[in-house]
Each structure stands twice: as structure tokens, then as C-alpha cells.
Amino acid sequence: MLKFYYNPVSVNARRVWITLLEKQIPFEPILIHLDGDQFSDEFAAINPLQRVPAIADGALRVVESLAILAYLEAKYPTPSLMPSEPEAIARVRMVETITVVELQPETLPLTRPLVGLEVDPQKLAAAEARVTVILQFLEQLLAQRLYFAGADLTLADIVAGTLVPSLPLENYPRLSAWANRLAQRESWQKTAYTPDDIAAALPNIRRILERRS
Ligand SMILES: N[C@@H](CCC(=O)N[C@@H](CS)C(=O)NCC(=O)O)C(=O)O
């Protein structure tokens, strides 16, 4: 059975978890505690980069959340989470890339005060301004659609939908309605982290953020 290496508070792992559930792929979850399990020899044999998520499917190891999603879509195509029309494909890839490459790094300065770390006020203001530009663009891309590529859930919604709903969305009515729509899905509900998960993870999140600054 496919093995899924994860941590419940990892945004990167959650997008893989939701995809496994949406595609109804049987899997064995393997919890990696981020207070040191990620540095063990056993896990380094799966992911030398020492990060979750990772999967092992038979002899194959795949790391990097977007690569895992592309693999799952290719190997387990039904139900499809990737449209076939060129415009819709472009939309999905844009939303995935904007979320991971542009938005996710900008949320790090915003997270620092929440875990008791100092943040340079100029860096914080710059990150907030950049997040605003990105959210405005996503609001415009979503337009009147139920999901980013149309009437059906795709990988765009899974990737953006595991990060964007954690940001303040009161100025973005379309993103707010979309986030509420996602929250109704069983896959979002089953993978939602609890306040206890967050409390337990706080020291690890602090350590990870300290290492990355
Ligand atoms: N680019 C990677 C990022 C993975 C990543 O940063 N994972 C974090 C958890 S969200 C992690 O395992 N951190 C452990 C550490 O930094 O020690 C992906 O998309 O899979």
C-alpha cells in the first residue's frame, strides 16, 4: 500500500493528504514528528531533504508536494483533478505556482509573531503588501467560478485551498465563498488540524522558522 509521510500541521503535506482522499487512494499514513524524526536515518532514506511530505509507492519514492500531486494524477487518473483544456490547465498551473512560489514564502514573516518570534517591521509590511497583491489576483482569477478551473475541484483548489483560507479574507468575497465551499468537503474536514495539534507543534514551528530566517 502507498505510504504517506506527513505531519498534521504541514500545509505542504495536507495538499497531498487531501488529494489521496479526493481520489480515494488507499494509503498508510506515517506520522513524522517535526522535532527530530525528519532528521532520522530512516526518514532520510525516504527524503534526503528531510522534509514532509513524501510518499513511497512500491519501490518508488516521491518528494516535493507538487511532484507528488503530478504523480498521483498520472498514476490514479480517476477522479480527475486536472482539466484537459489548455486555458484551464494554464489556470491550474498558475494558481499552484503562485501559491507555492509567491504566496507561501510571504506568509513566513506573518507567522513569526504568532509563534513568539520577532519580525522586522519593514519585512512584515512588505510581506503584507505582497500578500494583498497576490490575493487580489487570485480573487480576479476565481471570478464567478465555483472552483479555479470551473465547476469541478482541481489541484489548483487543493494547493491554494490549503493555504489561502488561513489568511484574512474579509476583503475578498469570492475567495471567502470558495474557502467556505472547500470547508464543506469531507477531505478538508478530515485533514483539518485541531487547536491541540497547533499547540503541540508550536515549538517545532518556531524552530523551523528560526532556521529559515
Ligand atoms: N517544497 C517542499 C516543502 C516541504 C516543507 O517545507 N515541509 C516542512 C513542513 S511544512 C518540513 O518538513 N519542515 C521540516 C524542517 O524544516 O525541519 C514541498 O512542497 O513539499
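**Peptide bonds and phi angles**

Guide: Let us start with proline 53, which is placed in the loop between helix H2 (41-44) and E3. Helices (H or I, at least four residues) and strands (E, at least two) are DSSP runs, numbered from the N terminus. The model is a predicted one, in which local features need pLDDT of at least 70 and side-chain atom pairs count only at pLDDT 80 or more, while totals for chains, interfaces and linings use all residues. Residue numbers start from 1 along each chain as its sequence is written.

Visitor: What kind of peptide bond joins valine 52 and proline 53?

Guide: Most residues other than glycine have a negative phi, and most peptide bonds are trans. Here valine 52 and proline 53 are joined by a cis peptide bond, with omega about 5 degrees. A cis bond also links threonine 78 to proline 79, with omega about -5 degrees. Proline 79 belongs to the loop between H3 and helix H4 (86-111).

Visitor: Which residue has a positive phi although it is not a glycine?

Guide: Glutamate 64 does, at about 80 degrees. Its place is the loop between E4 and H3.

**The sheet**

Visitor: In what order do the strands of the open sheet lie?

Guide: Two strands pair if DSSP finds at least two bridges between them. The four strands of this open sheet follow the order E2-E1-E3-E4, and their pairing is mixed. Strand E2 (27-31) and strand E4 (60-63) are at the edges with a single partner strand each, so one side of each has no neighbour in the sheet. From one strand to the next, the twist averages 20 degrees.

Visitor: How many bridges join E1 to E3, and over how many do E3 and E4 pair?

Guide: E1 and E3 run antiparallel and are joined by three bridges; tyrosine 5 has alanine 54 of E3 as its bridge partner. Strand E3 (residues 54-57) pairs with E4 over four bridges, in the antiparallel sense. Alanine 54 also stands opposite valine 63 in E4, and aspartate 57 faces leucine 60 of E4. A hairpin is formed by E3 and E4, with two residues between them, and glycine 58 in its turn has a positive phi of about 65 degrees.

**Helix packing**

Visitor: At what angle do H1 and helix H3 pack?

Guide: Two packed helices are described by the angle between their axes and the distance between the axes. The axes are lines fitted to C-alpha atoms, for helices over the stretch in contact, and angles run from 0 to 180 degrees between N-to-C directions. For H1 and H3 (residues 65-75) the angle is about 10 degrees and the axes are 9 Å apart. H1 and H3 are therefore roughly parallel to each other; angles under 35 degrees count as roughly parallel, over 145 as roughly antiparallel, 65 to 115 as roughly perpendicular and the rest as oblique.

Visitor: Which residues in H1 and H3 meet?

Guide: Residues are in contact if their C-beta atoms, placed from the backbone, lie within 7 Å. Asn12, Arg15, Val16 and Thr19 of H1 meet Ser65, Ile68, Leu69 and Leu72 of H3. By class, this contact of H1 with H3 has four nonpolar, three polar and one charged residue. Ala, Val, Leu, Ile, Met, Phe, Trp, Tyr, Cys and Pro count as nonpolar, Asp, Glu, Lys and Arg as charged, and the others, Gly among them, as polar.

Visitor: At what angle do the axes of helix H5 and helix H7 cross?

Guide: Helix H5 (residues 121-142) and helix H7 (residues 173-183) have axes that cross at roughly 75 degrees and come within 8 Å. H5 is therefore roughly perpendicular to H7. Leu135, Leu138, Glu139 and Leu142 of H5 make the contact with Arg174, Leu175 and Trp178 of H7.

**Domains and ligand**

Visitor: Into which domains is the protein divided?

Guide: An automatic or database assignment supplies the domain bounds, giving domain 1 (2-79) and domain 2 (86-190). Their C-alpha centres lie 22 Å apart, and 10 residues of domain 1 are in contact with 11 residues of domain 2. H1 gives the most to the side of domain 1 that touches domain 2, with seven residues.

Visitor: Which residues surround the ligand?

Guide: A residue is near a molecule if its C-beta atom, placed from the backbone, lies within 6 Å of it. The residues around the ligand include Ser10, Val11, Asn12, Arg51, Val52, Pro53, Glu64, Ser65 and Ile208. By class, the shell has five nonpolar, five polar and two charged residues.

Technical notes:
Contact = placed C-beta atoms within 7 Å.
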